[in-house]
Amino acid sequence: MSAGTLYDKVWTLHQVAELPGGSTQLFIGLHLIHEVTSPQAFAALRDLGLGVRHPERTVATVDHIVPTTSQARPFADPLAEEMLATLERNCAEHGITLHGLGSGRQGIVHVIAPELGLTQPGMTVACGDSHTSTHGAFGAIAFGIGTSQVRDVLASQSLAMGKLKVRRIWVDGALQNGVYAKDLVLHIIRSLGVKGGVGYAYEFAGPAIAALSMEERMTLCNMAIEGGARCGYVNPDATTFAYLQGRPCAPSGEAWDRAVAWWSSLASGPDAVFDDEVRFDATSIAPTVTWGITPGQGIGVDEAVPTLEQTEPDERPLAQEAYRYMDLTPGAPIAGLPVDVCFIGSCTNGRLSDLQAAAAVAKGRHVAPGIKAFVVPGSEQVAAAAEAEGLDRVFREAGFEWREPGCSMCLAMNPDRLEGRQISASSSNRNFKGRQGSASGRTLLMSPAMVAAAAISGQVSDVRTLLDTAGTKAPDRAPVPAAAG
């Protein structure tokens, strides 16, 4: 049983009661809602004659269904328009802050909460979206929840949950030039499996993790759920505090100093006990691409699609299904596989540093003939910052489309969708069958820089061949500290 970890400390601080059956009633410090999973929850509240217990701890935005070409109201899709209007009515009725279109603060829920300073260390965070694990990058314990649980949090500001075990994922060394947090987490999921984290919270630690920027840590924690972990987190440190300081909703003045002292006390101590530990060497990781139909079916860009003989016996049926669906030949190299669509965006990789990394590849080059390539900023603030740097111009001159913020083709609940058997190079988080809007469409997950390389060459390519010797990885990544622990 774990002890002394950040997870244990935050869990204990938020315990309201022990419930019959062994679960815990856990107080939720921040509840994030959006237009897709909240309408039924609000309707259930009305049926029960209940209100929202803590509207000041509930924050809303609109992301999943918004179009990225024109966001003029009403939307062309009447269902999408009704979903947005319903969220607006519910927020107004219950006194909930809504960061709507054109507010300057709208965007993907997992992008805007950090950039506004809403997400802070030591919090419990819940949202009706699987990738709420993103907020663990700040040392928060963050869970994705279902619609019935959204109702429960609205009504009580708490959740009934069972405590998880804690696995420390320790990463030594340093990521090489052209290798990003997305590659790291795809490598981890490949190694541990998509169900490897079931029953666990993942604590990411080690020199390579400490060197990651906050935005890279968000990418890492965002994908923890794809490895089966209910949440993932990084202990708060100077990088965390530097990111948060000055954000609109972060503490300021004397409250800031008190907050930093408290946040620092939450980190897992040297005597912390973990239920499990797994170690990786960052220096051995190559740019990574998924070849199959789960995020765990990934390989280095310099590898070949595994044969059945190279696959564990219990994974062979899924591998055979993936060969058929993806129309790939076992043993064939992944590099050189032609693509049709290249998508840069999503809550995993739609932040400013992601766009900077992709733009560094696209600058001075042009999208290959016949390739549809587009960039969707994760928020209005990301879009404004990117445009201030001229990144939109870099992408347009290279032949990419520059879109309005939203979830877009990550899950294709808006008009951005694959058609037929198109194959997509995508910076998003899931490559399930039909995930990007076509029942037969195919998805290859990779980093934004790798997506840009695929767009330029028209095929899966090693981005390292397109980088100059000065390097173009995340500009604010810290030096790797000395190995310890």
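Predicted model: local features only at pLDDT ≥ 70, side-chain atom pairs only at ≥ 80, totals over all residues.
Local features here need pLDDT of at least 70 and side-chain atom pairs count only at pLDDT 80 or more, while totals for chains, interfaces and linings use all residues. Residues are numbered from 1 along each chain as its sequence is written, and side-chain values use heavy atoms, with hydrogens and water left out.

Start with the cavity, a set of points on a 1 Å grid over the protein atoms alone where a 1.4 Å probe fits but cannot get out. The structure holds one cavity of 30 Å³ or more, and the largest cavity has a volume of about 110 Å³, a volume being the space filled by probe spheres set on grid points that are joined across faces, edges and corners. Select Y180, E216, N349, S353 and D354, which are the closest to its centre among the 14 residues of its lining, where a lining residue has an atom within 4 Å of a point.

Next, select α6 (181-192), α8 (214-222), α13 (352-362) and α16 (448-457), each of which supplies at least two residues of the lining of the largest cavity; helices are DSSP runs (H or I, at least four residues) and strands are E runs of at least two, numbered from the N terminus.

Now move to the largest pocket, with a volume of about 600 Å³, a pocket being an open set with protein on both sides within 12 Å along at least five of seven lines. Select R190, G296, Q297, T311 and E315, the closest to its centre of the 23 residues that line the largest pocket. Finally, select α6, which gives the most to this lining, with three residues.
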